[in-house]
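Hi,

Here is the structure I promised to pass on. Have a look at it first, and my notes on what turned up follow below.

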Amino acid sequence: MRLMRASGIIKRPVVTMRGDDIAQVKDIVYAAHGGEVGGFTLAGRGMFAGPMKLGLAWQAVVALGADAVMISDESALEATSVVFDAAATGRGGGDVLGSQVLTDSGVDLGLVIDVIIAVSETPGGKCDVVGYEIEASEALGTKGTKLLIPLPDTIAASAEHLMVPASAKDFVSHDLAGFGASVKAFRAQLYGPV
Amino acid sequence: MRFSEATGRQVVSTATADTVGRVDDFVVDPRRRAVVALSLKRTDGGDTLLWTDIVAFGSDAVTVTSGDKIVDAAPAIVALSGKEHRLIGKRVLTAGGDDIGTVDDIEFDADTGTITSLLLAAGDVAGARLVGVGSYAVVVRPK
């Protein structure tokens, strides 16, 4: 499992196995009510800069690496509408930015500034949303600092609030390096060890 | 042998002992992981010498039976030529989407034309791992 910030994926080139960059990521399309990455909307590169009518479904991604989104060839792209339909998005991921994270005990943890995703290393694996980067509230002690909070498999979300279990605040992390273990420990105490 | 040391080498006819061209660039077929032709500095006959028409790729000269072997590039060779298909200086991506550096030089087998390794600052990548060479990157399989 490999963790990355959703913001870092924006503008990453989409490269075929032949080594051609045929697009770049414009935005992330979330699926499963924001719990997974369903695919990407794309923009052209170089001479073809600007939005494209084609998108990329997560199933067609060979690998999401630190520097590129790898696909087999051009045929991996499909109409953006198809990507959106497949994702049947409940709530877009982009618009969680700025939302307030509340615990089920009614404590404000802070505002979402980024989404943390986990990429499965096995081909055909999911691309899971595992946490948010938040600008911490007073409840977390250090107001204004950036913290990573783990998420359960599914969360309740409205236009203003994202509801997380109260125990989430016991599993915050300061950097991505330690966050994988936090997510694991947090989910283990919610659902039992995997 | 390396691309860097082989570039500029003279091409000599075994029939007349004349220098009939000079190596300018290498045309690589990523599918075969091999050099399939040499691009030469422009001569009267053309600018392409197919690997199969080379008698020997020696340490001092490339030999051919005759200058007639230097021809205009066929469409299949043109499709593998040009900046988009050059390996030297291009970024290297793994099939996993990670940037591992830039191709500094290529090591190839002078007998067969097979690419034996890609030389990067971070270390050598076996030629057998080569997957594609495109406008953006050279793609290699993970170890």
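Starting inside chain A: 15 residues of domain 1 touch 20 residues of domain 2, where contact means that the C-beta atoms of two residues, placed from the backbone, lie within 7 Å. Keep in mind that this is a predicted model, where local features need pLDDT of at least 70, side-chain atom pairs count only at pLDDT 80 or more, and totals for chains, interfaces and linings use all residues. Residues are numbered from 1 along each chain as its sequence is written, and chains are lettered from A in the order in which they are written.

The domains of chain A are 2-87 for domain 1 and 94-191 for domain 2 (bounds from an automatic or database domain assignment). Their C-alpha centres are 24 Å apart.

On the domain 1 side of that contact, strand E1 (2-5), helix H1 (6-9), strand E3 (21-31) and strand E4 (36-44) of chain A each put in at least two residues. These are DSSP runs numbered from the N terminus, with helices (H or I) of at least four residues and strands (E) of at least two. E1(A) gives the most, with 4 residues. By class, this side has 7 nonpolar, 4 polar and 4 charged residues; Ala, Val, Leu, Ile, Met, Phe, Trp, Tyr, Cys and Pro count as nonpolar, Asp, Glu, Lys and Arg as charged, and the others, Gly among them, as polar.

Now between the chains: 16 residues of chain B are in contact with 17 of chain A. On the chain B side, strands E7 (91-94), E11 (130-133) and E12 (138-140) each supply at least two residues, and E11(B) has the largest share, 3 residues. That side of chain B divides into 8 nonpolar, 6 polar and 2 charged residues.

Cheers
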